[in-house]
Protein chains: 4
Amino acid sequence: MPALTALALVCTLTPSPAPSSSELLARLILDELEKHGVETSSVRVVDHDVKRGVLADMGNGDEWPALRERILAADIIVLSTPIWMGHPCSVAQQVMERLDADLAETDAQGRPIMYDKVATVAVVGNEDGAHKAIADMMQAMNDIGFSIPAQGGTYWVGEAMQTVDFQDLDEVPEAIATANARLARNAAHLARMLKAEGYPAE
Amino acid sequence: MPALTALALVCTLTPSPAPSSSELLARLILDELEKHGVETSSVRVVDHDVKRGVLADMGNGDEWPALRERILAADIIVLSTPIWMGHPCSVAQQVMERLDADLAETDAQGRPIMYDKVATVAVVGNEDGAHKAIADMMQAMNDIGFSIPAQGGTYWVGEAMQTVDFQDLDEVPEAIATANARLARNAAHLARMLKAEGYPAE
Amino acid sequence: MPALTALALVCTLTPSPAPSSSELLARLILDELEKHGVETSSVRVVDHDVKRGVLADMGNGDEWPALRERILAADIIVLSTPIWMGHPCSVAQQVMERLDADLAETDAQGRPIMYDKVATVAVVGNEDGAHKAIADMMQAMNDIGFSIPAQGGTYWVGEAMQTVDFQDLDEVPEAIATANARLARNAAHLARMLKAEGYPAE
Amino acid sequence: MPALTALALVCTLTPSPAPSSSELLARLILDELEKHGVETSSVRVVDHDVKRGVLADMGNGDEWPALRERILAADIIVLSTPIWMGHPCSVAQQVMERLDADLAETDAQGRPIMYDKVATVAVVGNEDGAHKAIADMMQAMNDIGFSIPAQGGTYWVGEAMQTVDFQDLDEVPEAIATANARLARNAAHLARMLKAEGYPAE
């Protein structure tokens with residue numbers, strides 16, 4: 001059975017080492033993935049100097065190419081983003097802009113270079129916006145070539161207009177833990193199948 | 001000072017007389033509007049036989065034309081919708097489809113017939129989806145010709161993946177009551193100004 | 001190799017037999033699926049008396065249960081919707097509301113009943129709104145339990161604010177034909193794998 | 001009659017002096033606003049070192065505070081954004097994140113500090129995504145306190161999956177010129193009224 005690897009792209013606005021709810025949610029998912037034999041790693045995008053633009057390498061000290069190598073090496077991406085004003089964080093959108101370049105780049109079989117990989121989406125906020133952030137990111141990741149496993153999104157938000165953070169909860173609500181476990185189980189299953197037998201050539 | 005009228009278009013899936021959280025939220029807003037001298041009324045769209053389509057009158061017993069007359073007679077619309085699967089209810093989208101016809105219809109000054117009216121949006125659900133439903137409905141109502149007052153959206157949703165309804169809360173959370181009052185105050189102000197001096201001719 | 005079946009849920013506002021751009025786009029995708037050995041069929045939802053609500057059977061002559069049986073029998077769903085006011089058609093949203101009931105219904109392995117099926121989304125409009133309609137429908141279908149193959153969305157829209165319909169084009173633009181073929185190839189591949197080996201039990 | 005000022009926040013990824021379609025569309029709107037006696041200026045956000053975060057001043061050489069002063073001094077904001085992957089540009093989302101701080105800041109009357117200002121949205125892309133970007137940005141700007149005039153959005157996109165830029169068109173399509181003129185006329189009217197008589201105190 002081929003070994004699988006997962007990479008969490010944590011799209012918080014907060015640089016390390018300050019705590020981050022979106023990193024915590026990503027971590028919970030990676031823990032679940034490890035139960036299925038997946039090797040995991042995680043990166044906070046804002047810890048790196050990712051330049052604005054839509055090329056694979058914007059030059060000028062751009063640190064995206066190194067992140068892109070890690071994405072290319074992974075079988076599963078966990079895209080984790082906070083919600084701001086009801087939308088995915090600008091960092092998550094910037095990741096989509098950088099991945100946009102890979103739509104045009106194809107592998108030896110003429111397929112977009114990001115094929116045969118699985119994407120999942122994790123969203124966290126004080127309140128409201130999760131389904132929409134999941135929709136925005138799923139559509140974009142799928143457009144780039146990622147496959148989405150059944151129930152490939154998970155999230156936590158509090159009641160309308162409240163202010164407590166996910167990282168300040170006493171414990172992870174059971175419904176969220178269940179959703180995380182399901183997402184991880186399904187992602188590992190799909191990634192394993194796609195690794196064994198990828199999509200046909202163009 | 002000209003009298004103002006407001007109409008709530010309640011887009012619940014549930015016909016009268018069963019209770020409805022989106023009707024309740026609309027009712028709270030109408031109560032606030034009345035404090036500003038606005039005459040109010042409310043309609044559940046599903047209580048009427050609104051036909052599918054994008055014409056002002058689809059014939060065949062279509063009850064949209066009567067609703068449309070009430071919209072044309074109102075200065076303020078409170079569009080109230082539940083959330084399903086993260087989106088505005090199909091009834092709210094159907095209202096947009098029927099209003100689509102009015103984009104092409106112009107008044108004596110060559111302006112779309114829905115000009116000089118104010119739209120506000122109220123969204124309610126067990127959990128998550130409010131900002132997105134507000135965004136979808138604001139953009140559509142604005143496109144049709146309605147103006148949006150400052151902070152013209154209000155909502156309630158519970159914590160992620162929970163199941164209690166708005167109508168089953170012991171009391172209206174203070175933040176929601178404040179948002180409702182603000183929305184009503186701003187809507188009345190904007191509607192009064194637009195009634196006194198409408199947008200210029202094309 | 002197990003035989004696969006695909007069902008197109010055509011969410012046009014227009015009843016048969018009038019021509020429909022969203023039916024045409026669905027038909028093109030079904031043609032592509034047939035090249036991969038998939039048996040196909042198609043239904044216009046508005047030809048059936050689908051009641052409003054969020055139960056699997058709303059009673060009272062509700063024709064959703066029959067459509068639901070066809071969905072349960074299919075391996076691949078092609079959800080095809082027009083764009084109105086920038087959003088998926090109310091008929092598509094209504095389909096999501098009816099499928100919402102199936103989130104709670106589980107199979108013998110404790111999994112949501114719609115697991116191991118593949119969903120794709122086809123969107124058509126005079127102008128603008130396709131990516132958003134794809135995002136809305138992908139997220140909802142995925143939430144219900146469908147898996148999304150790489151580049152599982154396809155669409156046609158014309159230039160901003162123009163009025164020609166897809167069905168009135170002289171020919172299908174090459175980029176759209178290519179996207180349709182890719183979507184079908186990937187959907188068939190994913191459905192075949194999931195049919196051979198479904199997601200693990202809860 | 002009080003003088004009005006408008007500021008275009010151009011959210012292209014491309015720094016000056018390279019040409020930008022979103023700057024061009026903003027320029028066309030500012031030209032229309034000037035016909036109504038509005039003084040205009042424009043800024044490309046990426047020409048400034050705007051730090052990540054959700055505070056009014058992130059310190060460390062943050063150039064947002066200077067932009068924020070220009071926003072506070074303006075009566076009308078033209079938020080202009082390109083489309084990437086179907087969504088508003090990360091720069092536009094970053095502007096929303098920075099404006100988020102102003103939700104909590106109130107004026108002498110207890111109102112959010114951005115009240116009595118008008119927001120309009122201009123969106124441009126090779127293809128598809130305009131209505132959704134308008135919806136996302138309108139809802140966010142409205143939430144912050146901006147009012148939206150009738151038909152306060154304008155856009156250009158080409159046919160599905162095509163690659164010509166707005167700035168490379170031979171001429172501005174008439175429908176877009178009409179929409180720009182309408183947007184500017186309505187924005188000036190609304191801004192003039194709100195300047196003369198702002199929203200009531202909390």
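This is a predicted model: local features need pLDDT of at least 70, side-chain atom pairs count only at pLDDT 80 or more; totals for chains, interfaces and linings use all residues.

Residues are numbered from 1 along each chain as its sequence is written, while chains are lettered from A and ligands numbered from 1 in the order in which they are written.

Chain A is superposed on chain C by a rotation of 180° with 0.0 Å of shift along the axis, at an RMSD of 0.0 Å (least squares on the C-alpha atoms of residues with pLDDT of at least 70 in both). That is the relation of a two-fold axis.

Most residues other than glycine have a negative phi, and most peptide bonds are trans. In chain B, however, the peptide bond from Ser16(B) to Pro17(B) is cis, with omega near 0°, and Pro17(B) sits in the loop between β1 (4-10) and α1 (21-34); helices (H or I, at least four residues) and strands (E, at least two) are DSSP runs, numbered from the N terminus. In chain D, Ser16(D) and Pro17(D) are joined by a cis peptide bond with omega about 5°.

Asp128(C), which is not a glycine, has a positive phi near 40° and lies in the loop between β5 (118-127) and α4 (130-144) of chain C. Asp128(C) counts as buried, with 30 C-beta neighbours inside 10 Å (buried: 20 or more other C-beta atoms within 10 Å of its own, C-beta atoms being placed from the backbone).

Key: A residue is buried if 20 or more other C-beta atoms lie within 10 Å of its own, exposed if 12 or fewer, and partly exposed in between; C-beta atoms are placed from the backbone.
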